[in-house]
Amino acid sequence: MAKVVIGGQKHLSIPNLPRNSQHTLIRPKPFPAGRYPIDKIWYPLGSFMAWQPVWERYQAIHSFNRILYTNKPWFLTFEDHRVLFRNPHNQGEAAIYEILNNRLALDNCQKIIAISDYAKLRLIKRIVGWKIEEKVSKKLQVIHPNFPVRVSKSKFYQEQQNLQLIFIGNHIARKGGIVALRLAKKAEKLGLPITVHIVSELGHGSGVPTDFPDRSKYVEDLKLLKLNNVVFHRNIPNDKVIELLSQSHFQLMATLHDTYGYSIIEGFSVATPAITTNVCALPELVRHGENGYVLELPINEIRHWSNWLHGDKTKSDEYWEIVNSTYDYLAEQALQQIIQFLDRSDKREHYEFLSAGALAQAQIVHNSEKQNELFDNLYATAAGV
């Protein structure tokens, strides 16, 4: 057995590690005690992953979104190109960034693991023309996040109850919660038998990607949380979220930008199909008419929503018109997709097919037992055990 140190971003590591490893996984405490993140002193220092000493011997390191300075065998898992260091502000940063990036080409960097084809695409595009391009590209492998599969069979659609939709996301605008609320309003006006569950901390506005920074623009939308066909869950434990997912017919995540979409896979683990958009990694998870429905947004060559503006442009009236009309467009598209479903004469059979497709995605691509064996083999090879 090997002893493997786990470092970097914890939120990324949880679904991208073996769940029942035969090896010993060590997660050191941050130094000093996590109160003063070293990257706050100087951003590049974050890659040195300072931790309190690990006195026991270890054979390898698995890093998440952090390039390491180490002589040990190590693995890197990343979600997009931001793990790379580029665009320095001064010569000092430039020197550090070059050292860090070049470490990916060294022999002790055993494997560079992208959590999706989207992540792989972002990194490949970023390193075009770099000296390390060929060596890094050869080490790249896509390993999707893994989750326990919680059910063994698909779900049935019960026509006598309201269609249950659930939105999950702390960023309510970026992730598609505003779309879900506007859909609920439209459904109520039409008298459709739909209930929308919202699980969110309602983060929105300045500092959130794709959002319009002025929070006042979202006031009217957030009032829709009080609609009769909306059930709002602010802070609930994950087991309750899973329970809601298992009781829902569809998860609705009409997001403008999301590097992966973990809640989609958690929904699949209980055989719940998804309605989402075609951005970033989501088309790798959701296939239209097979395990859910995909709402089409205009996207660019890196699979980002192509109408997304940045910097000071996000403060303009033009950008609010863009995001506001996009929320409306997605709400209408989702509504029409749901109406088409409700109008199907074979909706019971069709829903069972979608549910089976969702479960198959979880079992085949995101199965924690299969990923466990894969990672254990990687660790054993690196440690020579």
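This is a predicted model: local features need pLDDT of at least 70, side-chain atom pairs count only at pLDDT 80 or more; totals for chains, interfaces and linings use all residues.
Six strands make an open sheet, ordered β2-β1-β3-β4-β5-β6, and the pairing is parallel. At the edges sit β2, residues 24-26, and β6, residues 140-142, each pairing on one side only. From one strand to the next, the twist averages 25°.

Strand β5, residues 109-114, runs parallel to β6, and 3 bridges join the two. Within that part of the model, Ala114 is opposite Val142 in β6. Helix α3 packs on the sheet, where it touches β4, β5 and β6, and its direction makes about 160° with that of β6. Another helix, α12, residues 368-383, lies across β1, β2, β3, β4, β5 and β6 and runs at about 160° to β5.

Next, the other strand pair. Strand β11, residues 274-277, pairs with β12 in the parallel sense over 4 bridges. Thr276 stands opposite Val294 in β12. Along β12, residues 292-295, Gly292 and Val294 point one way, Tyr293 and Leu295 point the other way, and all are buried.

Last, the largest pocket. Its volume is about 1300 Å³. Which residues lie nearest its centre? They are His11, Arg174, Lys175, Asp258 and Tyr262, out of 46 lining residues. The elements giving two or more residues to that lining are α3 (117-126), α7 (238-247) and α8 (262-268). The largest share, 3 residues, comes from α8. Sorted by class, the lining has 17 nonpolar, 15 polar and 14 charged residues.

That's what I have.

Terms used:
Residues are numbered from 1 along each chain as its sequence is written. Side-chain values use heavy atoms; hydrogens and water are left out. Buried means under 20% relative accessible area, exposed over 50%, partly exposed in between (1.4 Å probe, protein chains only). Two strands pair if DSSP finds at least two bridges between them. On a 1 Å grid over the protein atoms alone, a cavity is a set of points where a 1.4 Å probe fits but cannot get out, and a pocket is an open set with protein on both sides within 12 Å along at least five of seven lines; lining residues have an atom within 4 Å of a point. Grid points are joined across faces, edges and corners, and a volume is the space filled by probe spheres set on the points. Ala, Val, Leu, Ile, Met, Phe, Trp, Tyr, Cys and Pro count as nonpolar, Asp, Glu, Lys and Arg as charged, and the others, Gly among them, as polar. Axes are lines fitted to C-alpha atoms, for helices over the stretch in contact, and angles run from 0 to 180 degrees between N-to-C directions. Contact means heavy atoms within 4.5 Å.
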